[in-house]
Amino acid sequence: MSDVILEARNIVKHYPVTRGLLQRTVGWVRAVDGVSFTVEDGKTLSLVGESGAGKTTIAKQILLLERLTSGNIFFQGKDIYKYSASELKKNYRPNIQTVQQNPWSSMNPRMRVRDVVGEPIFVNTKLPKNEVYQDVGKLLEQVGIGAEGMSRYPHEFSGGQRQRIAVARAMALHPELLVLDEPVSALDVSIRAQIMNLLKDLQTQYNLSYLVIAHNLATVRYMSHSIAIMYLGQLVEYGESEVLFKNPLHPYTRALISASQLTLPEDAKDSSKQIILSGEMPSPLNPPSGCRFHTRCTEVMDICSKEIPEMKTIGTQQVKCHHYK
Amino acid sequence: MFGIGKKKAYTGLSRGTRIVRSLTLIIPSIVMVIMIIIALFANLGWIGLPDVGLAPHDPNSTNPRDKLLPPSFIEGGKSDYFLGTDRLGRDIFSRVLYGARVSLSVSLIVILITAVIGTILGILSGYKGGRTDAFIMRVTDVALSFPALLLAMLLWVAIGPGYWTVVLALSILGWAGYARMIRGESLRIRESDFVAQAQVVGASTWRIMFRHIFPNIVNSLIVIMTLQVGMMILAEAALSFLGLGITAPTPSWGSIVADGRSQLDRAWWISAFPGICIGLVVMAGNFLGDWIRDKLDPRLRQL
Amino acid sequence: MSNIVLQVENLHTSFFTRAGEVKAIDGVSFYVREGETFGIVGESGCGKSVTGLSILRLLPEPAGQVTEGKIILEGKNLLELSKKEMRAYRGKMISMILQDPMTSLNPVYTVGDQIAESVRLHQDLPENMVEAEVVSALRLLRIPDPEMRIKEYPFQLSGGMRQRVVGAIAMSCRPRLLIADEPTTALDATIQAQYIALFEDIQAKTNVAIIFITHDFGVVSRICDRVGVMYAGKILETAPTREIFKAPKHPYTAALINSVPQLDKKDEKLFSIEGQPPSLLNLPPGCRFYPRCTVSMDICKEQEPPEVKLDDNHSVSCWRVK
Amino acid sequence: MTRFIIVRILQAIVALIGIAVIVFFLVRVSGDPMALIASPNMSEEQYQKIKESLGLDKSWGEQFWIYIKDMARGDLGESLIREKPVTTMIGESMPNTLKLTVPSFVLSMILSFFLGVMAAIYRDSFWDQGVKFLAVLGQALPVFWVAIMAVLIFSVYLEWLPVAGMSTPAHYILPVGTMILFMLPGMMRLVRSSMLDVLDSEYIKMARIKGLPERSVIWKHALRNALITPLTIIGMLLPSLVLGAVISEQIFNWPGMGTMILQATFERDFPVVQSITMLTAILVLGINLLVDILYAYIDPQIRYQRA
């Protein structure tokens, strides 16, 4: 087993719901409710789930955009809340960078590309401008934009190109871990493959670790070594990508896989291949009792609505379901 | 029939429209520049130079022999008085030139004061959120719907008339428009992906404020400030017209219009010309504001 | 074989903009049969949504105009109808579902009002029957507790439920043709699967012909009987869904399908199409896919390939295909 | 919904007390109010009498308490110059002002909604250009000047319309027209842009897909949504309404509240100015409250969320 670069241990994030002039708290959105996972060095872990599952909330905690309600995040074995401010600036932040979903809003429209890509370097080093721009030129070459794009504004590029620029920015400080928040879902089909190939090439070249946030299982399968399936703020299944796809244990995982498969019309008649969930995602303000998935589960039992299932280890997989003892 | 290929093709802007578009920039700019020159150089006494300037006469010197003369280009006018004289024989042209000074300076000072206060409160409200935000926005709502005229009257009664009473009356409520807009903008930008990105990179709050948030607000700020030039000139003119402005005999456009009211049947020119000046400046300001709004945003530049 | 409901022949639609004429649709032909789902797949800006709006004659005028072609719905050329006649067709004979369920319902009217409006307009029903008809439309879309839902406002419903309501509006008069413009794109995977299953069910019940516009091959594989692959304003290949996936003839179709990551096969490297789609403002002569094609020939650069019919259901526009 | 209204009313009362404090101290901080009133040739006895009658001999705290108590009872004090209760003065002038403002407000609203909606529907047409031109002109020209020029043309030269007085409908044309000019251009512009936004929306496309005739699309689906934004700023029309009324009354010698308060200002009759300021504050808060409620009625989302 390779080294663990990032570990989340039982992390919880609740948001208050406030109302009125006095901003009274009238409830809590339980966005993330006790999630643990590890990202291994040079490998990719994907957090997969539908909207409201809490994946983006997790990304925000790791990127230190918000603070956890409880739980710990360890980077290279050290609790990130125990870093001093200067250590954070020197050892943590530069090593954890991100590529966001929407290449149209992730860049300051009033900055030129060289300043967008160069910003991490400006902020974290004292290099003179021309040296930074030299680095930026190299980074842009590497992601296939070319140094001549440096002095243009982001809006002069297409979505795919902007996402390449975003990758260049994330790479500027030679980080250890990239948090990729739906990196291709805003792009056109023919462009997606370009970006995914680029990310994969960079990973092998620099031994990068990725934490991918995604809703599309097919995209994730191509990229990741292990996968964590999330539902309503909790992990329901977690394991190596190959094993999980071959032998999905949780009913929700099976439904997700079924929903992401290409199913030609002739095959669709074979209804055993398709799992269609009923109902809708419940509100994280008021999650269902017992197993959170029980309201939509196709294999629901009596116990499911009463007792909260434990995370159990089955072979190399972990699953949270009463069907497994 | 759904006229296939028969309709005249819609080809966007014609050449004529484009020319009109560029004129809406050039003419207002010229008007503004002229007005600023007039305001600055109506006379030079105020900057310690010999008291000559653009104004041919002292705006307040009365001349009983030349009462109610029509403009020089109308029969009966004297070439000495380009826009005629009022009932005290004062030169309307000189009075209008001096009036530019009051209108422009009041509006400029008020805009600076209100923009600063409004921007600070707006950013505070948008950035802090929560109760601060709710409170500031409630106050803003009230300020936006409270008539500045009544405040001007109250101040007139309480601290007496004067230049600074006008400035104060317009400033006390004027910040609200800025606060509302800046709050919306900073709220939007604070939540934007690129600010999150800057935080991830480790950028300081200071850097985020000045490199990321402020540059994205400044456009809207400039646009509103430009559009406010007209609003403030109109407000000052209305106060002066009602007699709540700068005290006589200092000429201001609004008060000259009011002066001419009693002579309307005999000397229409007294009221007519200052009003035209107000209309010209305000229109120029509004056109410039619209033009700046269209141009300043680099996202629109590519179109 | 069942009847052809809609036949589109050589449709051209242009947008006349400041920069010039944008040929959004440049000679598109296809047909849909009763009870059949025809998919139009393509990337953003290829003209697939404009096709839907052209059929309904709801292009943003005066900039967007159909410049050539025929749109024949059960024997009637829609382009020859008066505005009033066309209105009578909309909602009753042809309907449409838009992409974003969050914005396609009017926020100030209840769900019931918005469906009833359609019912009153196109069906000559006594007022006391309207509600029953509205409830039946909601039932058709399997919306739980329809009697309760009709009193609710759109913002009280989830995205998936709103999209069902949009479906209920569209199906309320049991149209002959339904145009679905990316109706599942804004939905989550499991909700998407629900919605697609629902569509199949509705089609089985009403025999409606569906034009399904999407960029997602996964969705295409589930619901479409036949598919047209659109690129830069033109359909490059039309074939039954299975053939499109198993034996694509056009290099673009093949490339597109190869670039979609699939659960069942894991490649080390995804196939990717380099470059960007061409600008519709200044289309190059020759084949519009030529600049990005990996198997292009000299002729591709100069002449636009004609449409070749391989059999009754499969046609391709490519010089490689004879 | 009831809760929402109650909270809003409580907020309004708090705001009102705040404004009362500000107004009260503004008048006093700037100096002894007696200095504003007293004339040099007033005898010491008179001076004291006035001071007592106004309660100015008491401490600020006591004065404030009396002031609030009187106001709550509806007693607005007495004019220094006219020696009449302010309420009486308001009672005399208010009807005239209402005769002017109500038709002006209603007409402005009708006109601005009609013109704005038409301009948006027939975008870039002759109509639209006309409306835009009117808005540009209306927002640039000083209204008092336009009114005076109108007097010059229609009354002085053409002699079609009377200048002053309020006896016949013809007397209303110029004053009401003047007030409309204050409110129309801005509102018209706002209605137009709001309507354009709505017409661009997906649910309007959906309404057309249903096959609805254009008039239902516009008057049923678009209008109600397009009204939301303009309605929220209806409170902000109050400054224009007040300014319009004062200027219009001033130009056309209309014996309304505007004329009265302007006169009171020049005479430094501070109880009158202070009372009317307070009344306006109540009006401002009341209108804001009303707009909030109206807004909740039009937009069901707000109605339900705050219920």
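The legends below describe close-up views of a predicted model. Residues are numbered from 1 along each chain as its sequence is written, while chains are lettered from A and ligands numbered from 1 in the order in which they are written. In this predicted model, local features need pLDDT of at least 70 and side-chain atom pairs count only at pLDDT 80 or more, whereas totals for chains, interfaces and linings use all residues.

**View 1. The side of chain B that touches chain D.** In this view, 36 residues of chain B are in contact with 42 residues of chain D, contact requiring that the C-beta atoms, placed from the backbone, lie within 7 Å. The elements of chain B that give two or more residues to this side are helices H3 (130-145), H4 (148-159), H7 (205-242), H8 (253-261) and H9 (268-296), where helices (H or I, at least four residues) and strands (E, at least two) are DSSP runs numbered from the N terminus. By class, this side of chain B has 25 nonpolar, seven polar and four charged residues; Ala, Val, Leu, Ile, Met, Phe, Trp, Tyr, Cys and Pro count as nonpolar, Asp, Glu, Lys and Arg as charged, and the others, Gly among them, as polar.

**View 2. The open sheet of chain A.** Eight strands of chain A, with mixed pairing, follow the order E6-E7-E8-E3-E9-E10-E12-E11, two strands being paired if DSSP finds at least two bridges between them. Strands E6 (96-99) and E11 (311-314) of chain A stand at the edges with a single partner strand each, so one side of each is left without a neighbour in the sheet. Within chain A, strand E10 (residues 234-240) runs antiparallel to strand E12 (residues 317-320) and is joined to it by two bridges; A:Glu237 has A:Val319 in E12(A) as its bridge partner.

**View 3. A:Leu232 in its loop.** A:Leu232 is found in the loop between strand E9 (226-231) and E10 of chain A, and its phi is near 50 degrees, a positive value in a residue other than glycine. A:Leu232 is buried, with 24 other C-beta atoms within 10 Å; a residue is buried if 20 or more other C-beta atoms lie within 10 Å of its own, exposed if 12 or fewer, and partly exposed in between, with C-beta atoms placed from the backbone.

**View 4. D:Asn253 in its loop.** D:Asn253 lies between helix H12 (238-251) and helix H13 (257-266) of chain D, in the loop that links them. Although D:Asn253 is not a glycine, its phi is positive, at about 50 degrees. D:Asn253 counts as exposed, with 12 C-beta neighbours inside 10 Å.

How values were computed. Two residues are in contact if their C-beta atoms, placed from the backbone, lie within 7 Å.
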